[in-house]
Amino acid sequence: MVSAAPRVRIDVSDAMAARIGPRGLDAAAIMALQPQIDAVHAQLTDLTGAGRDFLGFLDLPVRMLAQLPAIRAAADQLIAAGDTHVVLGIGGSYLGAKTLFNALTHPYHNQLPAERRGWLPKIYFAGTDLDSRELNGLLDLLPARGPVLPTSGFTVNVVSKSGTTLETAVAFRILWKRLKTVYGDLAAKQVVATTDPDGGALRQMAQRENFTTLPVPPDVGGRYSVLSAVGLLPAAVFGADVAGLLAGAADMAERCRTADLNENPAYRYAATMFHAQQRGYHIRYLAAWAKGLETLVHWHDQLCAESLGKDGRGPVPIAGMVTRDLHARGQQIQDGSHDTLVVNLVVNRTEPEIAMPDDPGDPDGLNYLAGQTLGHMQRQAWLGTTYAYCQAGRPSVHIVLDDVSAYSLGQLIYMLEVATVAEGYLMGINPLDQPGVEAYKRSMFALLDRPDMAGLRAKMGQLGPDLEQVV
Ligand code: PA5
């Protein structure tokens with residue numbers, strides 16, 4: 001029986017040599033990867049692959065069901081305590097939650113009157129930069145002194161698995177100071193900390209200050225954590241269908257139980273991407289064909305870059321929003337260097353639709369569009385763009401969602417996570433660590449005079465351009 005549930009599908013035919021000519025991908029070579037995929041599947045099911053201690057994301061769709069009551073309770077606490085909610089975090093502790101917010105709430109959520117928001121708080125994200133202008137702007141939106149009623153109060157969810165990430169910790173210290181100014185001894189009630197269950201500076205602070213806490217599972221890495229409390233608590237605060245998200249992910253986990261490249265969408269995607277790398281397609285342009293997926297492509301960018309950019313190899317992911325970017329990047333993809341694989345993220349259904357109105361005078365000459373919906377026009381733009389790329393021998397892969405619902409997003413997120421690890425294993429690298437990210441942190445901490453970094457600081461000498469000397 002064919003299921004009526006929305007389903008994420010992958011179509012690779014517009015990337016193949018049979019469709020676009022000799023620079024296309026070779027379908028037989030992709031299918032010939034089946035033995036390697038069998039080995040990857042064994043590594044994932046027996047938990048024997050590189051980075052095996054961080055494969056816990058695989059069973060989050062089921063494991064998190066038991067934690068939903070605690071997540072809902074923490075969300076209720078935050079919703080009741082303020083009309084403005086700030087989520088602090090960076091990288092994997094930020095992009096997943098922002099993805100869900102962008103996809104699953106009203107596009108102008110924060111501008112809606114409280115009643116239209118269902119009395120849920122306005123949501124802001126911070127802790128992603130060291131930028132005074134930005135943080136000052138946020139502080140301007142928050143009460144500066146108490147007492148305040150919950151209807152004008154604010155709350156904070158500070159998300160950091162390690163509890164030591166500088167950008168997040170700096171922003172939290174500043175907001176914690178503001179919370180104490182406004183709420184005095186009751187400030188802790190305005191905070192939830194999402195962090196490692198046992199260790200780290202944030203966990204210690206949470207215990208000392210008596211914050212409500214939710215755990216980031218130790219066996220789940222940051223960029224694979226969106227289906228843990230890291231993404232689910234913010235989602236519950238802005239009213240997303242958290243259970244639907246997990247159900248979609250669980251359905252994709254079922255589809256990923258087989259190693260068969262013809263059946264498993266994550267492996268089909270991973271094998272195609274790996275083969276594309278081997279054919280010289282180093283740039284991977286993930287294009288969102290729906291505004292609600294604009295942050296998801298940035299989440300994918302991070303997942304791909306931080307997981308696969310290793311040992312002098314790996315694809316260069318680029319996040320794009322179309323049709324906007326066709327007026328810029330479209331030129332380069334169509335006509336520039338022949339190294340870009342386009343991955344279109346397409347949505348079948350947008351509702352409610354807007355149809356082009358008729359204008360009897362036809363002053364702009366657009367009456368030929370009258371009655372056509374924006375969704376229809378967007379679809380023709382996707383098909384037309386793909387046709388043009390095919391004519392120029394440029395490969396496109398399509399990931400098609402039936403809708404932008406929590407259930408579909410759960411499928412897509414889980415599929416891309418499995419596909420990324422599978423591609424990493426095909427490449428022979430560890431897709432679950434990020435040694436390169438540590439290098440910048442060490443030298444930054446040394447320059448900031450962290451006491452344990454004095455040795456490195458001494459070695460670094462004078463840095464930065466001499467403004468007297470440079471042109
Ligand atoms: O994928 C990762 O591990 C990183 O992107 C982290 O999520 C990011 O560095 C934030 O780390 P933390 O949650 O420890 O503050």
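Visitor: Where does proline 147 lie?
Guide: Proline 147 sits in the loop between helix H7 (132-141) and E4, where helices (H or I, at least four residues) and strands (E, at least two) are DSSP runs numbered from the N terminus. This is a predicted model, in which local features need pLDDT of at least 70 and side-chain atom pairs count only at pLDDT 80 or more, while totals for chains, interfaces and linings use all residues. Residues are numbered from 1 along each chain as its sequence is written, and side-chain values use heavy atoms, with hydrogens and water left out.

Visitor: What kind of peptide bond joins glycine 146 and proline 147?
Guide: The bond joining glycine 146 and proline 147 is cis, with omega at about -5°. A cis peptide bond also joins valine 322 and threonine 323, with omega at about 10°. Most peptide bonds are trans, and most residues other than glycine have a negative phi.

Visitor: And where is threonine 323 found?
Guide: Threonine 323 belongs to the loop between strand E8 (316-321) and helix H14 (329-335). Glutamine 378, a residue of helix H15 (residues 374-391), is 55 residues from threonine 323 in sequence and 7.8 Å from it in space, C-alpha to C-alpha. Leaving aside neighbours within four places in sequence, glutamine 378 is in contact (heavy atoms within 4.5 Å) with Trp289, Ala290, Val322 and Thr323.

Visitor: How exposed is glutamine 378?
Guide: Its relative accessible area is 23%, so glutamine 378 is partly exposed; buried means under 20% relative accessible area, exposed over 50%, and partly exposed in between, with a 1.4 Å probe and protein chains only.

Visitor: Which residues other than glycine have a positive phi?
Guide: Among them are tryptophan 119, with phi near 65°, and asparagine 210, with phi of about 70°. Tryptophan 119 is in the loop between helix H6 (95-104) and E3 and counts as exposed because its relative accessibility is 59%. Asparagine 210 is in the loop between H9 and E6, and at 64% relative accessibility asparagine 210 counts as exposed too.

Visitor: Switching to the sheet, what is the strand order?
Guide: The order is E3-E2-E4-E5-E6, in an open sheet of 5 strands with parallel pairing; two strands pair if DSSP finds at least two bridges between them. Strand E3 (122-126) and strand E6 (212-215) stand at the edges with a single partner strand each, so one side of each has no neighbour in the sheet. From one strand to the next, the twist averages 20°, with axes being lines fitted to C-alpha atoms (for helices, over the stretch in contact) and angles running from 0 to 180 degrees between N-to-C directions.

Visitor: How many bridges join E2 to E4?
Guide: Strand E2 (residues 84-88) and strand E4 (residues 154-160) run parallel and are joined by 5 bridges, with leucine 88 opposite valine 158 in E4. Helix H9 (residues 201-209) lies across E4, strand E5 (191-195) and E6, and runs at about 145° to E5.

Visitor: How is the chain divided into domains?
Guide: The protein chain is divided into domain 1 (8-32 + 259-427) and domain 2 (61-240), with bounds that come from an automatic or database domain assignment. Their C-alpha centres lie 32 Å apart, and 22 residues of domain 1 are in contact with 16 residues of domain 2.

Visitor: Which residues touch the most other members of the largest nonpolar core?
Guide: Phe57 and Ile399 do, out of 99 residues in that core; a nonpolar core is a set of buried Ala, Val, Leu, Ile, Met, Phe, Trp, Tyr and Cys residues joined through side-chain atoms within 4.5 Å. Helix H16 (residues 406-427) gives the most to this core, with 14 residues, and the core draws at least three residues from each of domain 1 and domain 2. A second, separate core of 25 residues includes Ala126, Val158, Phe172 and Leu175.

Visitor: How many residues of H13 are buried?
Guide: Of the 15 residues of H13, 12 are buried, so this helix is largely enclosed by the rest of the structure. The buried residues include Trp299, His300 and Glu306.
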